[in-house]
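Subject: Structure handover

Hi,

Here is the structure I promised you. Please load it first; my notes follow below.

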Amino acid sequence: MFDYLIVGAGFAGAVLAERLASQLGRRCLVVDRRDHIGGNAYDFHDRAGVLLHRYGPHYFRTNSERIRDYLGQFTAWTPAAYKVLSWTDGRYWQFPINLNTFEQFIGRSSNGEEMAATLEKWRVPIDEPRNSEEVIVARVGRELYEKFFRNYTRKQWRRDPSELDASVCGRIPIRTDRDDRYVSDRFQEMPRDGYTAMFERMLEHPGIEVRLKTDYREARAQAAYRHLIYTGPVDEYFDACYGPLPYRSLRFEAETVEREWFQPAVQVNYPNDHEYTRILEVKHITGQTLPVTTIVREYPQDYGPGREAYYPLPAPDARAIYKKYETLAAAEKNVSFVGRMATYRYYNMDQVVGMALAEFERLKDDMP
Ligand SMILES: Cc1cc2nc3c(=O)[nH]c(=O)nc-3n(C[C@H](O)[C@H](O)[C@H](O)COP(=O)(O)OP(=O)(O)OC[C@H]3O[C@@H](n4cnc5c(N)ncnc54)[C@H](O)[C@@H]3O)c2cc1C
């Protein structure tokens, strides 16, 4: 008899198992249908010895000291600079847009005041941007929008930015100084020994049993438990009774090259060339020193049978379907829906950790 059946060994499931077992002495069965722990943050060494992120690059960043310290019990941190470039018109551009990008664009040196004044002229005046096209043209105007955002977003989502929430493109900073970091968060660090090692330490507790290659439905038949924590796709839990929720999927193509570095940054975006959206070389941020490197090309693809659901679609029509599932989920007795797919939210790792810690506080009071 387990106190909790936890479906999914990603951040949501692992944080809850760790807290419930270590703080309250609860017995937790964690199942995952994949053959590894870590969820989408899983990393592993390939044949060349390069540490890779199997499901796309995972840049840990947060403004929350509490979340960083919580995870810090299970890992040391390596400072990391998440640098991104954009390749278009036959050259690299600094990205996200900053003063250096502006200078590249106008072909001479400049300063923050001139950049701010110029963007003010270029921007399209929109007081309350309602979608991802409006949010960018309202900040930088149409030309930069078309150069860096429009086609990248269309490739990634197979929708025009005008059909996506403002938050999709709006989350990318635009700066008038020389700060060229991808994100602005206070802490930007990688787990020193990788994500999987961190997850192993979180789940290493006598009160936690992990069963891999086990689907929720099998687990339900195998074990008795008092409360279910579900971190998989919410529509799947309810047998898609309101129709399937839309997701985006990805295909990853890895290539090892016999030289130390392949490209000048961890991520190069290809907004206007190729079918892939970006090439990743995570060795830039994992701290490995090796004479070879492995790059990964990332191809967006439609979600369907045999494909993984990676991104919930941040758009009004998708959210309207999710609302119906949310109502069903709220009515389920003794079930918690936690994490990115269970709540259909475009959440980063630290946000999912925060969500799981909040759910732990609720469960602590609920169960004897
Ligand atoms: C390509 C990509 C890049 C990303 N980059 C970043 C980044 O740079 N920084 C950042 O902070 N975040 C990033 N994220 C987001 C990050 O992956 C998530 O926030 C985080 O992994 C969510 O954790 P989770 O536990 O909610 O879900 P997941 O990690 O998806 O874990 C859920 C687990 O549940 C399992 N599962 C589902 N259904 C069942 C079932 N029926 N039975 C058994 N098991 C089941 C799945 O196999 C999975 O392992 C990225 C995501 C993607 C897809």
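In what order do the 7 strands of the open sheet run? The order is β8-β7-β13-β14-β15-β12-β16, and the pairing is mixed. β8 and β16 stand at the edges. Each has a single partner strand, so one side of each is left without a neighbour in the sheet. Keep in mind throughout that this is a predicted model.

β7 covers residues 84-88 and β8 covers residues 91-95. The two run antiparallel and are joined by 5 bridges. V84 stands opposite F95 in β8. Together β7 and β8 form a hairpin, with 2 residues between them. D89 sits in that turn and has a positive phi of about 55°.

β12 spans residues 247-257, and β16 is residues 311-312. They pair in the antiparallel sense over 2 bridges. Here Y247 stands opposite P312 in β16. β12 is also joined to β15 (residues 293-302), again antiparallel, by 10 bridges. A254 stands opposite V296 in β15, and E255 stands opposite I295 in β15. As background, side chains in a regular strand alternate between the two faces of the sheet.

F95 and P96 are joined by a cis peptide bond, with omega about 0°. P96 lies in the loop between β8 and α3. Helix α3 is residues 99-106. Which of the residues of α3 are buried? They are L99, T101 and F102. These cover an arc of only 155° around the axis, which puts them on the same side of α3. That buried set packs against β8 and α4 (112-122). G107 follows α3, and its phi is positive, near 80°.

**The ligand shell**

How many residues surround the ligand? The count is 34, and the closest are G10, G39, G56, G232 and G339. Two elements give two or more residues to this shell: α1 (11-24) and α13 (349-366). By class, the shell has 17 nonpolar, 11 polar and 6 charged residues.

Two residues here deserve a look.

- Y55 lies in the loop between β4 and β5. It is partly exposed, because 18 other C-beta atoms lie within 10 Å. Beyond its neighbours within four places in sequence, Y55 is in contact with N40, Y42 and Y310. Y55 and D239 are 184 residues apart in sequence, and their C-alpha atoms are 25 Å apart in space.
- P57 is in the loop between β4 (51-53) and β5 (61-62). Not counting residues up to four places away in sequence, P57 touches V266, Q267, L280 and V282. V266 is 209 residues from P57 along the chain, yet their C-alpha atoms are separated by 8.8 Å.

- H274 has phi near 70°, a positive value in a residue other than glycine. Its place is in the loop between β13 (267-269) and β14 (278-280). Is H274 buried or partly exposed? It is partly exposed, with 13 other C-beta atoms within 10 Å.
- Y344 has phi near 50°, also positive and also not a glycine. Y344 is found in the loop between β17 (335-337) and α13. Y344 counts as buried, because it has 25 C-beta neighbours inside 10 Å.

**Domains**

The domain assignment gives domain 1 as 2-46 + 193-245 + 312-366. Domain 2 is 84-170. Their C-alpha centres lie 36 Å apart.

Best wishes

How values were computed
Residues numbered from 1 in each chain as written. Pairing = 2+ DSSP bridges. Helix = DSSP H or I, 4+ residues; strand = E, 2+ residues; numbered from the N terminus. Near = placed C-beta within 6 Å. Nonpolar A, V, L, I, M, F, W, Y, C, P; charged D, E, K, R; others polar. Domains from an automatic or database assignment. Contact = placed C-beta atoms within 7 Å. Buried ≥ 20, exposed ≤ 12 C-beta atoms within 10 Å, placed from the backbone. Arc of directions from axis to C-beta.
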